Structures are given as C-alpha cells and as structure tokens.
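Hi everyone, thanks for coming along.

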Amino acid sequence: MKSELQAILSTLRDDESSIVDTWLDELGAAEPGARRAVQPEAEELVKLLREALAAGADPDAMESQAWAGTRHVLESLSRSRAARGQTAGDTSQFVLALKKPLFNGLQRTLASDPGTLMPSLWTVTTMVDKLAQRTVATFQQAREDIIKRQQEELLELSTPVIKLWHGVLAVPMIGILDSNRTQIVMETLLQKIVDTESELAIIDITGVPTVDTLVAQHLLKTVSAIRLMGADCIISGIRPQIAQTIVHLGIDLQGISTKATLADALALAFEKTGWRVARSD
Amino acid sequence: MERIPILRMGKTLLVTIQVDMQDQTALALQDDLADKIAKSGATGVMIDITALEIVDSFVGRMLTSISSIARILSATTVVVGMQPAVAITLIELGLSLEGVRTALNVERGMELLRKSRQESHLGN
Amino acid sequence: METERAGELPVLSEQNIVASRQLVRTLCQQLKFSLVDQTKMITAASELSRNTLIHGGGGRMRWELVEREGRQGLQLHFEDEGPGIADLKLALTDGWTSGSGMGLGLPGSRRLVSDFQIDSAPGQGTRVSITKWK
C-alpha cells in the first residue's frame with residue numbers, strides 16, 4: 001500500500017474518536033442534541049473509510065467494490081437529507097468538514113515523517129472531495145425522485161377513474177399529456193377495469209389542449225391494451241381542432257370509437273352494453 | 001414433461017395455465033387442444049391466463065396459433081383473465097394477438113362463446 | 001451480510017429459459033421494481049434468452065445489480081458464440097424476420113427496458129445487454 005494511504009489508515013485507526021470529535025466541532029455541532037443526531041453518521045463514515053482503505057481501496061477508483069460500503073452510507077446520508085429538505089450544500093459541507101480533522105490527524109501521525117505529509121494531505125483532499133461530489137450527485141437524484149413521486153401522486157389525484165355506470169368506467173384527462181402521465185393513467189385504468197370487471201372505458205380528452213403524434217401513440221397503446229384484455233374503449237371529447245390534427249398527422253385510429261362529447265360516449269356505452277334509457281313520462 | 005390438463009364442459013374445452021411453461025409444454029398444449037377439439041367436436045375453447053404473470057412472444061404466438069387452428073376446426077377460442085401488466089407489455093412488444101378473442105373473466109368468456117355459438121347456428 | 005451483486009446462468013436448454021425468467025423475477029423483487037417494470041424486464045429476458053438458445057446455439061445470461069448516481073438498476077447480458085447477426089441495423093428495425101421465419105424481437109425487447117446495447121457480427125457471436133433502472 002502506498003505510504004500516504006498507509007498514513008491515512010493509521011490516522012483513522014489510532015485517532016478515530018478525536019477525528020470524529022473534531023469533525024463534529026467543525027460542523028458547528030456545539031449543543032449536545034445536534035451532536036447526538038449527527039454523531040452516528042460521522043462514526044459510521046469514519047469506520048467505513050478505515051475498512052475500505054484497510055481492504056486496499058484506491059481513492060482513484062471510487063466505483064470499485066472496495067468502496068461499496070462507503071458509497072452506500074454516503075448515498076443514504078444524501079437521500080435522508082434530501083427528504084428532510086436540506087440543501088445540497090449542507091450535505092456536501094458535512095463531508096468536506098472531514099478534511100480538517102484528517103489533516104490534524106495526519107500531522108500528528110507523520111510528525112516524524114514530514115516528507116510523506118504533503119502527498120498524504122493531497123490524497124486526503126482529493127479523496128474527501130470525491131466523497132463530497134458523490135453526495136451531491138446522489139442528493140440531486142434523490143430530489144428528482146422525490147419530485148417525481150410527488151408529481152405522480154398529484155397525477156393520480158387529478159386523473160381519477162370514475163365508475164359511470166354498471167360496467168362503464170370514465171377517465172377525464174385534463175392538461176398536458178406526456179408519456180409518464182399517460183403511463184400512470186393507463187396502469188390505473190387497466191387495473192380498475194379488472195377490479196370492477198368493467199367492459200367499457202371512456203377516455204375523455206376534453207381537457208387536453210393539443211394532441212401530437214406522441215400523445216396519440218400513447219392513447220392508442222392504452223386503447224390497445226384495454227382491448228387486448230377483453231374490454232372496449234371509447235375516446236370522447238375530441239374537439240374539432242384535435243380531429244383536424246389527427247387527420248393531418250395521418251394517425252390511424254384503428255377502428256376505435258370516438259365521440260365529440262362525454263354525453264355521446266355514454267349513450268354509445270349504453271348501446272354497447274345493452275342498456276336502454278327511457279323517459280318515465 | 002408436464003402437460004397442461006384440458007377439461008371438457010359440454011361443448012367447451014377449458015384450459016387453465018398456472019405454471020411458467022417451458023416452450024415445449026406450450027407446443028404440447030397446442031397439439032393436445034387440436035387433437036381434443038377434433039375428437040370431441042367442441043365448438044368453444046376457453047384459455048384462462050389469470051395466473052400468468054408473463055406472456056412472451058412464444059406464448060403469444062401459441063395463443064394465436066391455437067385460435068387459428070380452432071377456427072379451422074369450427075371452434076371459437078377465447079382467452080380470459082389477462083393481467084394489466086401483461087397487456088401493457090404485449091402492446092409494448094408489438095404483439096396485438098390478432099385474431100385472438102379475449103374477455104375479462106371466465107363468466108364473460110362463456111357469454112362470448114355462447115353468443116358465437118348462436119351466431120354460427122343462425123348462419124347454418 | 002452482503003447479498004450477491006452479480007452472477008451468471010447458462011442458457012443451454014429450454015429449462016434454462018424458464019430458470020432465467022425466475023431468476024430475473026427474484027432479482028426484480030429484490031430491487032422492488034413496480035409490477036409493470038418487473039413484467040417488462042422478465043419478458044425481455046425471456047425473449048433474449050430464447051434468442052441466445054435458438055439463434056445463438058446456446059450461451060449464458062450474466063446479471064449484475066448496478067448503480068448510477070444513487071439509482072439502482074438491474075443489468076443483464078446475453079452472450080453467445082453463435083453465427084452472429086449479419087445486418088444489425090435491419091434486425092433492430094421493426095418487422096424484420098430471420099431466416100427461420102421468426103423475428104428476433106429485438107426492437108420489441110428494446111422498448112421494454114431503459115438501456116439496450118447489442119454487439120454482434122457474422123462469426124463473432126452476439127452480446128446483448130439490457131438495463132432497467134428503478
């Protein structure tokens with residue numbers, strides 16, 4: 001093992017508790033409550049660093065198996081802070097604050113070997129920088145995942161599947177249709193069809209401003225899946241402009257029933273499912 | 001090699017696929033069904049795939065083949081119980097199972113077979 | 001205890017195709033994929049292992065649990081030392097059929113996964129890698 005890594009390892013071994021203490025001081029965790037909260041994470045990271053280096057991990061190869069434990073801890077650290085609403089800066093700051101205690105520790109360890117001190121400090125700096133970079137990347141990914149999940153929840157709320165009649169479901173689509181949204185609606189609708197044993201689903205696109213080839217493709221896929229399962233589908237709410245776009249784009253509706261309004265679609269649904277509506281006078 | 005059992009209920013043959021089939025099991029089912037339709041004079045075949053979590057192109061083609069073979073032997077085939085995830089995957093794969101009639105469940109499937117039986121009687 | 005993060009299965013028989021589906025199911029459940037994602041991945045694996053067996057003369061499926069920026073994923077590699085694909089571009093176009101009259105289903109399988117890579121040439125075998133991210 002290179003002498004710098006050996007020195008870092010010795011420091012982590014011999015000075016572990018003082019490194020953790022100095023690190024927590026650096027973070028400004030003066031009052032005991034804050035300290036207690038962060039201490040376990042700090043201790044675990046120091047422990048994993050020690051183990052990784054002892055196993056011969058190379059700081060230039062952060063993706064290697066030897067660093068797996070460290071990577072996992074950094075990632076879960078990042079994700080939990082992302083979930084708590086902290087900033088990416090806070091998260092990387094947590095890691096970067098480890099430099100000072102390690103510098104101090106190395107100076108003590110290498111008091112009798114000043115020649116190795118400079119390269120060791122350099123190795124520590126680049127290593128801690130890489131760890132911090134990793135937390136930032138994970139943090140960003142975690143934030144995106146949280147936002148995506150929130151969007152999905154919103155989508156589910158804004159695209160309810162309604163039981164219109166015995167065996168007839170309706171989905172009013174409102175707003176811009178993108179692939180993610182259509183996918184979620186498709187999955188929810190198909191499951192509801194199975195659960196309610198409905199033969200017919202009406203997809204109403206009155207609230208959809210534009211339909212382009214991609215949106216049409218997604219709608220067609222949804223309808224195909226419904227038919228494949230043995231149910232049928234009517235698309236309603238097709239405004240004149242959308243009808244024109246469909247023809248203009250040469251989209252083949254493959255024999256799917258379409259109606260201008262939800263009311264017309266319901267009338268057709270009654271017909272298809274064998275219901276007759278009569279006035280009582 | 002296991003063979004999928006085929007049950008007979010009047011003029012209808014019932015098959016319930018509950019195992020992750022090897023390719024040869026699927027082919028054997030195809031053969032057995034063709035055989036049984038011819039021998040029993042069945043006019044309807046119901047294949048229940050409620051328990052199938054995966055329908056790949058091989059099983060898809062098997063279903064299409066069974067449907068075509070049955071038709072030639074004057075029987076109607078209906079596949080019932082397709083899971084949403086399976087339907088979504090088949091569409092993404094580009095398999096629309098042309099010519100295969102489907103229904104949501106056994107009850108609807110039997111209704112479909114009954115209707116098609118009536119239609120063919122009227123046709124005669 | 002660290003769970004395994006990689007492994008391989010032979011694809012030399014029909015039973016192996018079933019085994020590959022079952023293994024991929026287990027791995028997807030381990031990674032807690034959604035039902036639809038799991039179904040798509042297992043189906044893609046089924047298509048590709050069948051290709052490996054029937055068109056590649058047999059080979060193997062290697063699997064790995066992968067990570068990218070904190071995201072987890074499942075990566076599968078289907079490898080054979082068979083005849084290879086003469087016209088890759090054509091094979092990746094919808095509607096193409098191979099000599100036996102059965103398509104390789106590559107464009108379909110590609111749509112089921114997040115990342116898809118293929119490396120093949122006549123006489124050089126075939127290697128297909130697919131990844132599904134959570």
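**Where chain C meets chain B**

Let's start at a contact between chains: 20 residues of chain C and 16 residues of chain B take part in it. Being in contact here means that the C-beta atoms of two residues, placed from the backbone, lie within 7 Å. Before I go further, please keep in mind that this is a predicted model, where local features need pLDDT of at least 70, side-chain atom pairs count only at pLDDT 80 or more, and totals for chains, interfaces and linings use all residues. As for labels, residues are numbered from 1 along each chain as its sequence is written, while chains are lettered from A and ligands numbered from 1 in the order in which they are written.

On the side of chain C that touches chain B, the elements giving two or more residues are α1, α2 and α4 (106-112) of chain C. Helices (H or I, at least four residues) and strands (E, at least two) are DSSP runs, numbered from the N terminus. Which of those elements gives the most? That is α2(C), with 9 residues. By class, this side of chain C has 6 nonpolar, 7 polar and 7 charged residues. For these classes, Ala, Val, Leu, Ile, Met, Phe, Trp, Tyr, Cys and Pro count as nonpolar, Asp, Glu, Lys and Arg as charged, and the others, Gly among them, as polar.

Now zoom in on one helix pair. α3(B) packs against helix α2 (residues 35-54) of chain C at an angle of about 50°, and their axes are 9 Å apart. The axes are lines fitted to C-alpha atoms, for helices over the stretch in contact, and angles run from 0 to 180 degrees between N-to-C directions. That angle makes α3(B) oblique to α2(C); under 35 degrees counts as roughly parallel, over 145 as roughly antiparallel, 65 to 115 as roughly perpendicular and the rest as oblique. Among the residues that meet are Ala85(B), Ile88(B) and Leu93(B) from α3(B), with Leu35(C), Val36(C) and Lys40(C) from α2(C). In total, the contact of these two helices has 6 nonpolar, 3 polar and 2 charged residues.

**Chain B and chain A**

Chain B also touches chain A, with 14 residues of chain B in contact with 13 residues of chain A. On chain B's side, α3 (84-93) and β5 (101-103) are the elements that give two or more residues. Here α3(B) gives the most, with 5 residues. The side of chain B that touches chain A divides into 10 nonpolar, 3 polar and 1 charged.

**Inside chain C**

Next, the sheet of chain C. Its 5 strands form an open sheet in the order β1-β2-β3-β5-β4, with antiparallel pairing; two strands pair if DSSP finds at least two bridges between them. At the edges stand β1 (6-11) and β4 (115-120) of chain C, each with a single partner strand, so one side of each has no neighbour in the sheet. On average, neighbouring strands are turned by 15° against each other, direction ignored.

β1(C) and strand β2 (residues 59-68) of chain C run antiparallel and are joined by 6 bridges. If you want a spot to look at, Pro10(C) stands opposite Arg60(C) in β2(C). Helix α1 (residues 14-30) of chain C packs on this sheet and touches β1, β2 and β3 (71-80) of chain C. Our friend α2(C) lies across β1, β2, β3 and β5 (126-133) of chain C, running at about 15° to β3(C).

**Inside chain B**

How is the pairing arranged in chain B's sheet? Its 5 strands form an open sheet in the order β1-β2-β3-β4-β5, and the pairing is mixed. The edge strands are β1 (6-9) and β5 of chain B, each pairing on one side only. Strand β2 (residues 12-16) and strand β3 (residues 44-48) of chain B run parallel, joined by 5 bridges. In that pair, Thr16(B) stands opposite Asp48(B).

Helix α1 (residues 23-40) and helix α2 (residues 57-72) of chain B pack at an angle of about 10°, with axes 10 Å apart, which makes α1(B) roughly parallel to α2(B). Their contact has 10 nonpolar, 2 polar and 1 charged residues.
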